[in-house]
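This report describes one protein chain, from its overall make-up down to single side chains. The sequence and the structure come first.

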Amino acid sequence: MQKTIFNITKMDCPSEEQLIRMKLQKFDEIKSLEFDIQNRKLTVHHIAESQPILSALETLNLDTTLISTEENTIEIEADTSSMQRKLLWTVLIINFLFFGLEMLFGIFSNSMGLVADSLDMLADSIVYALALFAVGGTIARKNNIAKFAGYFQILLAVIGFVEVVRRFIGVEKMPDFQTMIVVSVLALIANVICLYLLQKGKSKEAHMQASMIFTSNDVIINSGVILAGLLVNWLNSGYPDLIIGAIVFVIVARGAYRILQLAK
């Protein structure tokens with residue numbers, strides 16, 4: 001048994017963790033994965049060589065480097081797939097519910113920031129759903145689902161960009177900043193709960209420092225929408241809402257690109 005540690009610079013939230021899990025599921029020689037998102041480290045317990053694993057990780061474009069490989073004398077317990085399924089279903093449901101909530105209030109409050117954030121929640125839901133469908137399934141099925149999800153997210157991002165440009169050019173009603181702030185705060189709480197559950201469900205429960213994971217993209221986005229709502233009120237302008245919306249659509253498109261990498 002070998003123990004190989006990788007540094008993955010761009011692994012900053014559970015979404016990247018699920019992408020990596022799906023990418024490596026085809027390797028029968030991998031016995032265990034340990035994620036340390038806080039320190040951007042992945043520990044792989046495996047047999048055979050580490051180079052194929054490194055090559056697979058590099059295709060995700062997350063800036064992966066191999067730190068060390070050594071003999072592992074510790075017996076590795078098998079992952080409890082039932083526990084992983086429960087956690088995935090939990091965070092999937094939370095993300096999907098808030099996708100609907102933010103989309104609904106985003107439309108009614110005329111806020112592109114909320115609409116964009118709802119699509120980011122949908123993107124996370126798709127990632128978790130992909131992980132669930134991939135468990136016990138064939139690689140071909142996983143690839144087909146990944147392609148569909150990736151192209152669907154790109155379509156949503158393009159539609160969002162077109163709407164942002166249209167609102168920049170045209171004259172639009174001011175977004176309701178109070179709705180933006182209240183709904184974004186609720187979404188922030190939901191994301192913190194998801195991050196906590198995912199951290200708690202790791203094979204080693206020592207990594208419970210959820211406060212260190214608040215730098216993840218989802219939390220930054222929620223904070224950005226809250227800030228945009230405040231700026232809308234202070235500046236009496238809808239531009240901060242459009243700017244944060246455009247930034248989030250870039251993040252959604254980037255997530256779609258990463259998902260499409262899985263289908264290669």
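The sections below cover the fold, the strands, the aromatic pairs and a surface patch.

## Model and overall make-up

The model is predicted. Its protein chain contains eight helices and four strands. Read from the N terminus, the order of the elements is β-α-β-β-α-β-α-α-α-α-α-α.

Of the 264 residues in the protein chain, 50% are buried. The chain exposes about 12,700 Å², and carbon and sulfur atoms supply 65% of that area. Among contacts between residues at least 6 apart in sequence, 78% join residues at least 24 apart.

## Strand β3 and its partners

Strand β3 covers residues 41-46, and five of its six residues are buried. Strand β1, residues 2-8, runs antiparallel to β3 and is joined to it by six bridges. In this pairing, lysine 3 stands opposite histidine 45 of β3.

Strand β2, residues 30-36, also pairs with β3 in the antiparallel sense, over six bridges. Here aspartate 36 stands opposite lysine 41 of β3. β2 and β3 form a hairpin, with four residues between the two strands. Arginine 40 lies in the turn and has a positive phi of about 60°. In general, the side chains of a regular strand alternate between the two faces of the sheet.

## Aromatic pairs

The count of aromatic pairs comes to three. Phenylalanine 96 and phenylalanine 99 form one of them: the ring centres are 5.6 Å apart and the planes stand at 45°, so the pair is tilted. The tilted class lies between the stacked class, under 30 degrees, and the edge-to-face class, over 60. Both residues belong to helix α3 (residues 81-109), where phenylalanine 96 and phenylalanine 99 are three residues apart, about one turn of the helix.

Phenylalanine 168 lies in helix α5 and tyrosine 239 in helix α8, so the pair ties together parts that are 71 residues apart in sequence. Phenylalanine 168 is partly exposed at 35% relative accessibility, and tyrosine 239 is partly exposed at 45%.

## Nonpolar surface patch

Which residues form a nonpolar patch on the surface? They are Val165, Phe168, Ile169, Tyr239, Ile243 and Ile247, and together they have about 590 Å² of accessible area. Helix α5 (139-169) and helix α8 (239-262) each supply at least two residues of the patch.

Is isoleucine 169 buried or exposed? Isoleucine 169 is exposed, because its relative accessible area is 70% and the limit for exposed is over 50%.

Notes. Residues numbered from 1 in each chain as written. Predicted model: local features only at pLDDT ≥ 70, side-chain atom pairs only at ≥ 80, totals over all residues. Heavy atoms only, no water. Patch = residues over 30% accessible without salt bridge, like charges linked within 9 Å, V, L, I, M, F, W, Y side chains within 5 Å. Areas by Shrake-Rupley, 256 points an atom, 1.4 Å probe, with all protein chains shown as cover. Salt bridge = Lys/Arg side-chain N within 4 Å of Asp/Glu carboxyl O. Buried < 20%, exposed > 50% of the residue type's maximum accessible area, 1.4 Å probe, protein only. Pairing = 2+ DSSP bridges. Contact = heavy atoms within 4.5 Å. Phe/Tyr/Trp six-rings, centres within 6.5 Å; stacked < 30°, edge-to-face > 60°.
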